[in-house]
Amino acid sequence: MRGAVLYGPRDVRFEERETPKVIKPTDAIIRISATCVCGSDLWPYRGIQPVAQPTPMGHEYCGIVEEVGSAVKSVKPGQFVIGSFFASDNTCPICQIGYQSSCQHAEFVGTAQAPVLRVPLADGTLVPTPEVPSQDLVPNLLTLSDVMGTGWFAADAANVRPGSTIAVVGDGAVGLLGILSAKQMGAERIIAMSSHKSRQKLALEFGATDIVTERADEGVARIKQLTNGIGADAVLECVGTQESMMQAIHSTRPGGSVGYVGVPHGVELNGEELFYTHVHLHGGPAPVRRFLPELIDLVWNGKINPGKVFDLTLPLDQVAEGYCAMDERRAIKTLLRP
Ligand SMILES: [Zn+2]
């Protein structure tokens with residue numbers, strides 16, 4: 001088969017790789033229906049995160065089970081399944097309390113930009129849909145594998161409640177789906193921070209009530225202005241830079257919460273400054289598996305349409321253009337079809 005391999009900065013190739021097979025009895029092999037490019041794939045693509053050797057790419061996936069190992073019980077060939085970018089047993093104490101992305105046996109699933117994928121710990125990782133979905137549902141379901149699950153976690157970690165006033169830092173796909181999540185959780189006022197027209201439009205469609213175009217200290221000042229001078233109850237940090245993290249912390253009212261899901265690059269916090277903010281910080285790699293049953297249900301019943309974040313669809317062999325379009329911000333998120 002052929003799949004995506006990152007060689008170095010801005011060098012993604014679509015090339016011959018070994019077709020995955022069942023290695024352990026707990027594995028499943030799935031035929032990918034759709035995969036996509038993640039904002040976090042852009043860190044190594046841009047050379048901000050070094051690439052030591054040619055690296056297969058992709059960690060967002062859904063598709064049809066082709067084969068399962070002898071120990072797999074809950075997943076069968078022919079089922080349409082979605083899994084997280086971290087495989088988890090879903091039985092250890094950490095999984096039991098809902099942090100499957102820190103499972104004691106977690107394994108990263110990182111070769112999904114390909115037609116066939118091996119998923120370890122299939123019983124704990126994969127969640128089947130009620131039936132094989134129609135084609136138009138596939139983009140919505142694909143988002144649950146990471147980007148929607150991560151936006152949802154940002155809102156969950158920031159303790160969004162009915163009636164909350166929230167702000168979202170970052171207008172990438174995760175930030176936009178953080179808005180959708182907060183709306184679904186009953187937030188009353190949702191302030192999106194974005195200076196891009198097309199992204200503002202989607203933000204409003206997903207439930208944003210206000211748009212702030214300013215960044216850094218000016219952005220914080222605008223949030224304060226909009227919240228009677230105190231800041232938002234909950235702020236979703238969906239970027240991962242020093243500026244975005246400080247913007248999030250400073251936009252939160254005392255006693256409020258920041259849910260941070262942008263993979264941090266060079267973020268350093270000053271303990272004393274943090275001490276006097278009275279802000280809760282919670283985040284990390286989203287435990288997507290915890291949310292999958294609920295989110296599948298919401299998509300299946302037409303309550304949410306997170307697949308709207310895909311504004312570019314390409315055949316998988318044009319994966320390099322998919323990265324390039326996102327890097328140049330010509331696309332919010334690229335969907336790839338094998
Ligand atoms: Zn576990």
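Is glutamate 321 buried, partly exposed or exposed, and what is its relative accessible area? Hi everyone, let's start there. Glutamate 321 is partly exposed, with a relative accessible area of 33%. For these words, buried means under 20% relative accessible area, exposed means over 50%, and partly exposed is in between, using a 1.4 Å probe and protein chains only.

Quick background before we go on. This is a predicted model, where local features need pLDDT of at least 70 and side-chain atom pairs count only at pLDDT 80 or more, while totals for chains, interfaces and linings use all residues. Residues are numbered from 1 along each chain as its sequence is written, and side-chain values use heavy atoms, with hydrogens and water left out.

Back to glutamate 321: its salt bridge partner is arginine 330, with the closest N and O atoms 3.0 Å apart. By salt bridge I mean a side-chain nitrogen of Lys or Arg within 4 Å of a carboxyl oxygen of Asp or Glu. Arginine 330 is partly exposed too, at 46% relative accessibility. Elsewhere, shared partners link Arg10, Arg46 and Asp327 into one salt-bridge network.

Let's look at one pair in that network. Arginine 46 and aspartate 327 meet through their side chains at 2.7 Å, N to O. Arginine 46 sits in the loop between α1 (42-45) and β4 (55-56), and aspartate 327 in helix α12 (residues 319-327), so this pair ties together parts 281 residues apart in sequence. Helices here are DSSP runs (H or I, at least four residues), strands are E runs of at least two, and both are numbered from the N terminus. Aspartate 327 is buried at 13% relative accessibility, whereas arginine 46 is partly exposed at 32%.
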